[in-house]
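I opened the model to look up its core and its sheet. My notes follow.

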Amino acid sequence: MRMRLAIMLLVLAGLAGMPQAAAGADAGRPLVLAIKLDSEINPVSASFVKDSIDRAKSDHAAALVILLDTPGGLSTSMEDIYKAELAAPMPVIVYVSPDGARAASAGVYVTMASDVAAMAPVTNIGSATPINSNGGNIGSDLRKKVLNDAEKKV
């Protein structure tokens, strides 16, 4: 556990210097992979994150950094992402960036499932309420049921 915390602190210290690419594993430095997720949370982005976690595992990366900027998306894809994060053998760090980025709706859960969450200046997180596929409110009894399920996530 202490080793994992030490690795996460090292990664956070180096975040500013590695915005999108993998940090080199040369000269005894740990390999840290970084990916950019700056779209809606959907089956394609969920597959991208899961594949990136698999790559980090096969490359023996010390950590995976997700540079996140999302308006949210599908709850099923969000669940695929956060389950993959929670099962990852290496620390997963979510960095909401660049300045002005957001982790809204499903992005909140993706961020909460990470081992470490960090945010660039002038970013925001929140506004996580289930809505229907047309962007409208869900009616009465079904709304209560969906909200109750969403509150139990992560």
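I take a nonpolar core to be a set of buried Ala, Val, Leu, Ile, Met, Phe, Trp, Tyr and Cys residues joined through side-chain atoms within 4.5 Å. The model is predicted.

**Core.** I asked which residues of the largest nonpolar core touch the most other members. They are Leu37, Ile41, Val49, Leu64, Ile66, Leu68 and Ile81, out of 28 residues in that core. Another core, of seven residues, lies apart from the largest one. Val32, Val65, Leu67 and Val116 are among its members.

**Isoleucine 41.** I listed its contacts, leaving aside neighbours within four places in sequence. Isoleucine 41 is in contact with Thr70, Gly72, Gly73, Leu74, Ser77, Met78, Ile81, Ala106 and Val110.

I found an open sheet of four strands, ordered 1-2-3-5, with parallel pairing. Strand 1 (32-37) and strand 5 (116-119) are the edge strands, and each pairs on one side only.

**Strands 1 and 2.** Strand 1 pairs with strand 2 (residues 63-68) in the parallel sense, over six bridges. Leucine 33 stands opposite leucine 64 of strand 2. I also checked what packs here. Helix 2 (residues 43-58) packs on the sheet and touches strand 1 and strand 2. The direction of helix 2 makes about 175° with that of strand 1.

Key. Residues numbered from 1 in each chain as written. Predicted model: local features only at pLDDT ≥ 70, side-chain atom pairs only at ≥ 80, totals over all residues. Heavy atoms only, no water. Pairing = 2+ DSSP bridges. Helix = DSSP H or I, 4+ residues; strand = E, 2+ residues; numbered from the N terminus. Contact = heavy atoms within 4.5 Å. Axes fitted to C-alpha atoms, helices over the stretch in contact; angles between N-to-C directions. Buried < 20%, exposed > 50% of the residue type's maximum accessible area, 1.4 Å probe, protein only.
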